[in-house]
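Biologist: Please put the structure on the screen. I would like to go through it by question and answer.

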Amino acid sequence: MKFTRLRISGFKSFVEPTELFIEPGLTAVVGPNGCGKSNLFDALRWVMGETRPSSVRGSEMDDVIFAGSAARPARNVAEVTLFVDNSDRSAAAPFNEYESIEVSRRIEREAGSVYRINGRDVRQRDVQIFFADASSGAGSTAFVRQGQIGLLVSQKPLARRAILEEAAGIAGLHQRRHEAELRLRAAETNMGRLDDIIREVEGQLQNLKRQARQAVRYRNLSGHIRKAEALAHYLRWSAAELRARAADEALAATAATVGDCTERAAQASTVQAEAASRLPPLRQIEAEKSAALHRLIVERDALDAEETRARETAQGLRQRIGQAAQDAAREEALDRDAQNALGALATETQDLDAVSTRAGDELIEAEARAGELNDALAQCERSLERLTSEFAEWNASRTSQERAREVASALVETSTHQLRAAEFRLDQAMEGALDTPDVLLAQSATEQARALAQAAREALTAARQALADAERAEAAARGPLEAAERETQMLAAEAKALADLLRPEGQDLWPPMVDAVAVQPGYEAALAAALGDDLQAPLDEAAPHHWRDLGALDATSPLPAGARALKEFVQAPAALDRRLVMTGVVFPDQGSALQRDLKPGQRLVSPRGDLWRWDGFAASADAPSQSAARLTQRNRLAALEIDIAQAKDARALAFAHYSTAKNDGDAARAAAQQAEQEDRRTEKNLIEAQDDAARTARAAAERASRLATLEAEIRRLVASRDAASEAERLASKSLRELGDGKALLQAVTDARQDAADARAAGSESRAAVD
């Protein structure tokens with residue numbers, strides 16, 4: 001490993017990020033005192049895991065952080081990164097796969113240091129061991145300081161040994177040994193604690209056994225409870241399924257009812273539209289009746305006015321009757337006066353009898369004159385009464401006609417204003433009718449939505465059926481896949497167990513010969529009997545005991561008749577050829593007979609594991625042999641590998657079938673969901689279309705009704721306005737015919753004056769008569 005680059009940031013005088021490239025060869029750093037040359041040396045020691053502040057010329061470790069200056073503020077963080085070239089792959093095993101290794105140390109004020117190797121957090125011990133394995137480190141003699149040469153010369157042998165060990169590259173092993181010793185002591189402590197714990201656990205074992213029995217009983221009861229709960233859930237699920245089916249049937253019935261109601265609503269809308277079309281003639285009749293009613297109301301108002309005029313006339317007549325009664329009372333008073341006068345006159349008659357003869361002619365003339373004047377007075381009073389009656393009738397007629405004209409004028413104005421408002425509303429209604437949707441178009445949209453909803457419902461049924469088929473196919477494909485998975489896992493577990501048994505930890509350095517031998521099935525015991533424990537010896541000559549390839553024998557004695565060389569049944573390294581060639585395979589009943597014919601070094605074995613050696617030694621197959629068992633296990637492991645490969649192929653095939661079925665199921669599920677969404681969307685569209693059709697029908701009916709009402713109202717208002725105009729014209733004509741009444745008023749005044757003159761003349765004539 002080689003140091004290639006040093007990056008410093010916030011460390012002592014290096015406040016800004018600074019990089020020092022360490023090129024191949026000799027790198028020298030020169031400069032005046034106080035420029036930071038020693039700080040580079042301190043940074044190297046610090047990043048290698050230095051723990052003593054005094055080694056980096058500080059009182060505490062936070063002193064390595066830039067403390068600030070007159071122009072720069074202090075920093076809170078310092079970081080040093082050392083780049084190591086590992087192209088020669090000489091680093092420790094955990095980091096030997098990297099071409100370049102970054103070792104960084106970061107310190108934060110009052111928070112401690114953080115170490116990283118290639119960006120991964122590590123311990124300080126890991127960094128120190130990393131550099132110790134490279135014969136370097138914070139305390140390494142590779143850092144030659146001032147006075148260190150003399151110190152090395154004067155050191156004791158033990159200190160010099162440390163220098164030599166570091167030079168030999170085994171200083172890291174000492175640290176690892178120290179760490180391993182610490183771990184061993186900790187393990188011993190843990191073992192002591194484990195003994196205490198075991199004693200405590202043994203005391204708790206009885207309780208645990210009792211609890212285990214209770215747990216077994218609880219498990220049995222829980223099993224019964226789960227079965228009961230499962231049965232209850234199944235019953236509830238069955239009931240829920242029945243309710244769901246009933247709900248589906250009710251939903252279908254409700255949907256049918258909704259469809260029927262919608263159709264009936266459409267029919268009712270049609271009936272309403274037909275009824276609205278029959279409304280205009282009825283509204284025309286209503287307008288005519290309203291006009292007739294208005295005429296009757298006008299006539300009633302006229303009759304009311306006539307009645308008022310008659311009442312005023314009657315009131316005038318009552319006043320005249322009262323005046324006549326006063327005149328009668330006055331006449332009665334005059335009559336009483338006359339009677340009194342007659343009594344006086346009777347008295348005077350006697351006195352005047354004498355004079356009467358003389359005044360007879362004058363009396364006759366005066367009485368004649370009084371009679372004429374009384375007739376003239378009666379004529380004037382009759383004329384005055386006639387003229388007064390005519391003037392009262394004229395006033396009543398004029399008042400009635402003026403009131404009728406005012407009522408008719410107001411009615412004309414009101415009718416005209418109402419007619420304009422009605423025409424404006426009719427225009428607005430006609431303009432609004434252009435924007436209202438068409439009923440036939442809405443009904444056509446409803447039929448299209450119903451057809452789409454029916455198609456979506458059929459598609460949903462087909463999608464659900466396809467989903468059910470896909471789920472059944474997926475369930476059918478899941479069973480073989482699970483069986484293949486279980487078979488593969490069982491075979492893999494057995495193979496792993498055999499592999500762990502055949503390749504125990506610690507034999508990777510010198511693998512035994514048996515791992516390189518392949519024997520035909522059925523001859524494992526024969527090979528184990530022929531070689532025995534020698535199969536455990538490795539081929540590596542560096543091992544304490546091992547096999548060595550000496551080549552083939554120059555001349556070998558043939559095996560006894562009927563024996564076949566064991567090499568025919570075994571594939572093994574060349575180092576075993578001599579032993580295999582010198583070993584024959586015979587049947588168990590031939591071994592004893594052929595043992596005498598064996599030459600030195602030869603031996604016979606049977607397939608079941610019997611052994612006959614040339615020196616007379618014989619071993620029965622009943623004796624246990626670990627090598628035979630190991631060979632059997634190896635053959636079983638080889639067979640298991642074939643079975644695992646076949647099982648994996650079967651699992652892959654089953655997985656392919658299951659994946660196809662699952663993909664089909666997912667596609668069917670997605671299609672079913674899409675079909676459900678489409679069904680809900682089409683149902684929603686159908687409901688909206690039906691609502692739109694109903695609203696359109698209602699709007700059309702309301703529009704037709706409103707138009708018919710407005711048209712009838714306009715006709716009624718036109719008729720009312722025309723009738724009021726005619727009544728106003730007639731009233732104005734009657735007022736013109738009545739005139740201003742000045743002549744009649746002058747005639748009444750003259751008649752009243754003539755009556756007054758006639759009363760004065762009559763009074764004078766009565767006085768003359770008297």
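Modeller: One definition comes before the questions: a residue is buried under 20% relative accessible area, exposed over 50%, and partly exposed in between, with a 1.4 Å probe and protein chains only. This is a predicted model, in which local features need pLDDT of at least 70 and side-chain atom pairs count only at pLDDT 80 or more, while totals for chains, interfaces and linings use all residues. Residues are numbered from 1 along each chain as its sequence is written, and side-chain values use heavy atoms, with hydrogens and water left out.

Biologist: How many helices and strands does the chain have?

Modeller: Helices (H or I, at least four residues) and strands (E, at least two) are DSSP runs, numbered from the N terminus. By that count, the secondary structure of the chain comes to 11 helices and 13 strands.

Biologist: What share of the residues of the chain count as buried?

Modeller: The cut-off is the one given above, under 20% relative accessible area. The chain has 770 residues, and the part of them that counts as buried is 27%.

Biologist: Which residue in β12 is the bridge partner of Leu604?

Modeller: Strands of a sheet pair through backbone hydrogen bonds, either parallel or antiparallel. Strand β11 (residues 603–605) and strand β12 (residues 611–613) pair in the antiparallel sense over 3 bridges. In β12, the partner of Leu604 is Trp612.

Biologist: Which residue in β3 is the bridge partner of Lys2?

Modeller: Strand β1 (residues 2–9) is joined to strand β2 (residues 18–21) by 4 antiparallel bridges, one of which pairs Ile8 with Thr18. With strand β3 (residues 77–85), β1 pairs in the antiparallel sense over 7 bridges. The partner of Lys2 in β3 is Asp85.

Biologist: How many salt bridges does a search of the whole structure find?

Modeller: Side chains of opposite charge can pair when their charged atoms come close. A salt bridge here is a side-chain nitrogen of Lys or Arg within 4 Å of a carboxyl oxygen of Asp or Glu. The search of the whole structure finds 27.

Biologist: How many residues apart are Glu474 and Arg669?

Modeller: The two side chains meet in a salt bridge with an N to O distance of 3.9 Å. Glu474 is buried at 8% relative accessible area, while Arg669 is partly exposed at 27%. The pair links distant parts of the chain, helix α6 (residues 439–502) and helix α10 (residues 626–738), and the separation is 195 residues.

Biologist: What is the distance between the closest N and O atoms of Asp666 and Arg669?

Modeller: Both residues lie in helix α10, 3 residues apart, about one turn of the helix. Asp666 is partly exposed at 31% relative accessibility. The closest N and O atoms of this salt bridge are separated by 2.9 Å.

Biologist: What accessible area do the residues of the nonpolar patch have together?

Modeller: Patches are made of residues with over 30% relative accessible area and no salt bridge; like charges are joined within 9 Å and nonpolar side chains (Val, Leu, Ile, Met, Phe, Trp, Tyr) within 5 Å. Areas come from the Shrake-Rupley method with a 1.4 Å probe, and for residues only the protein chains shown count as cover. Together, Met191, Leu194, Ile197, Ile198 and Val201 have an accessible area of about 410 Å².

Terms used:
Pairing = 2+ DSSP bridges.
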